[in-house]
Amino acid sequence: MSLQEFMNEAISPWMRVDAPDSDIVLSSRIRLARNLETTIFPTIAEEKDLKEIRQFFKTEYAHKSFESYTDFEFISIEDLTHIEKRVLVEKHLISPYLAKQATAAGAIISGNEQVSLMINEEDHIRIQLYYPGFQLKQALEEAFLFDDWLEEKIDYAYDENKGYLTSCPTNVGTGMRASVMIHLPALVLTKQINRMLPAINQLGFVVRGIYGEGSEAVGNIFQISNQITLGKSEHDIVEDLKSVVGQLIEHERTARNRLMEQSTIGLENRIFRSYGVLEYSRIIESKEAATCLSDVRLGIDLGIIKNVSRNILNELMVLTQPGFLQQYAQKVLKTSERDVLRASLIRDRLQLEK
């Protein structure tokens, strides 16, 4: 797949697949941080060394395939426009940190966008692999296989006692971040989320917005991931995260049922009002759009809104972001112009469902 194809499609192919608990969990991700044994880590390395690493990955892995992940596309970050970088971040194909790297950074992305390899981010390599729905164990096993494939040609920086060595001490050990993207509108509406999030943090997990560290949780979508990477195995970390997320799923389902039982008309009113805003607005800001999309997705999941695809939330949450709007317009847009185009694209997308 070419860079232009990555730019044009709001929703990655793997996200269209039906998966376990996909009414609540949007995606499961495994990210592995790795460094090369004989090269200084990126945070203090010289640019020429980092460029050699980037060239190595381009030579060895561009247009190659691994199992079902085919036609890996190499992308040099410094060759991208500001808008192209934003689109790749909005699609979670690269991190905001990588997008800010001036030189020597790169990425290798599979044709189905399920696997991406970030080069010279905070570490020499950041492997990330996504699965739809609640499939952490499957994502971990696949990430291990991909990691082993890379290690056939690479010697990692590894210590027998500490584990994988990384630029940031918080990643030393497994070098792994396991995370889920989860939609929790009922827990937010019933305000139960306010007592649950501190409890999750106390268990050693962190709750962030959809773009990771420093980002805001918009549209009732939260990213939950492990904080501890040292002293636990990858499987133990995943099992602990699965337990926490499993409980959140159960609480969210209970809250949804309670809302339906106690305030059916009120809930339907909120959902259809949000649908009306999306269907008829001529100007809509990103936060309002995210809130309305969350309501509509809840309505779809509860069977209140029919004949509208569940994927609409995943798709429009990306399509209505600033980078994607400007990519669509093929020019830089002012905030007011983005608000007008966002409303137009949402109306057009909803029309396709009829």
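Predicted model: local features only at pLDDT ≥ 70, side-chain atom pairs only at ≥ 80, totals over all residues.
User: How many aromatic pairs does a search of the whole structure find, and what is the geometry of the pair formed by Phe66 and Phe146?
Analyst: Searching the whole structure gives 12 aromatic pairs. For Phe66 and Phe146 the centres are 5.8 Å apart and the planes make an angle of 70 degrees. Planes over 60 degrees apart count as edge-to-face, and the pair of Phe66 and Phe146 is accordingly edge-to-face.

User: How many residues apart in the chain are Phe66 and Phe146, and where does each lie?
Analyst: Phe66 belongs to the loop between helix H2 (47-61) and strand S2 (73-76). Phe146 is in helix H5 (residues 136-151). The pair therefore links distant parts of the chain, with a separation of 80 residues.

User: Why is the pair of Phe66 and Trp149 classed as it is?
Analyst: The ring centres of Phe66 and Trp149 are 5.0 Å apart, with the planes at 25 degrees. The cut-off for this class is under 30 degrees. Because the angle is 25 degrees, the pair of Phe66 and Trp149 is stacked.

User: Are Phe66 and Trp149 buried or exposed, and at what relative accessibility?
Analyst: Buried means under 20% relative accessible area. Phe66 has 10% and so counts as buried. Trp149 is also buried, because its relative accessible area is 18%.

User: Which residues form one aromatic cluster with Phe66?
Analyst: Phe66 pairs edge-to-face with Phe146 and is stacked with Trp149. One aromatic cluster holds Phe66 together with Phe56, Phe57, Tyr61, Phe72, Phe146 and Trp149.

User: Why is strand S1 described as largely enclosed?
Analyst: Strand S1 covers residues 25-34. It is largely enclosed by the rest of the structure because the buried residues number 10 of the 10.

User: Which strands pair with S1, and over how many bridges?
Analyst: S1 runs antiparallel to strand S8 (residues 176-183), and Val25 stands opposite Ile182 there. Ser27 has Pro132 as its bridge partner in S5. The bridges number seven to S8, and eight, also in the antiparallel sense, to strand S5 (residues 125-132).

User: Which backbone oxygen does the side chain of Ser281 reach?
Analyst: Ser281 is in the loop between helix H9 (264-280) and helix H10 (286-301). At 17% relative accessibility, Ser281 is buried. Apart from neighbours within four places in sequence, Ser281 contacts Gly276, Ala343 and Arg347. At 2.6 Å, its side chain reaches the backbone oxygen of Val277.

User: Where does Thr229 lie, and is it buried or exposed?
Analyst: Thr229 is found in the loop between strand S10 (221-226) and helix H8 (234-262). Its relative accessible area is 3%, so Thr229 is buried.

User: Which backbone oxygen does the side chain of Thr229 reach?
Analyst: Not counting residues up to four places away in sequence, Thr229 touches residues including Thr170, Asn171, Val172 and Ile237. At 3.4 Å, the side chain of Thr229 reaches the backbone oxygen of Asn171.

User: How many Å apart in space are Thr229 and Phe146?
Analyst: In sequence, Thr229 and Phe146 are 83 residues apart. C-alpha to C-alpha, the distance between Thr229 and Phe146 is 19 Å.

Methods
Residues numbered from 1 in each chain as written. Heavy atoms only, no water. Phe/Tyr/Trp six-rings, centres within 6.5 Å; stacked < 30°, edge-to-face > 60°. Helix = DSSP H or I, 4+ residues; strand = E, 2+ residues; numbered from the N terminus. Buried < 20%, exposed > 50% of the residue type's maximum accessible area, 1.4 Å probe, protein only. Pairing = 2+ DSSP bridges. Polar contact = N/O pair within 3.5 Å; in protein donor to acceptor, adjacent residues only side chain to side chain. Contact = heavy atoms within 4.5 Å.
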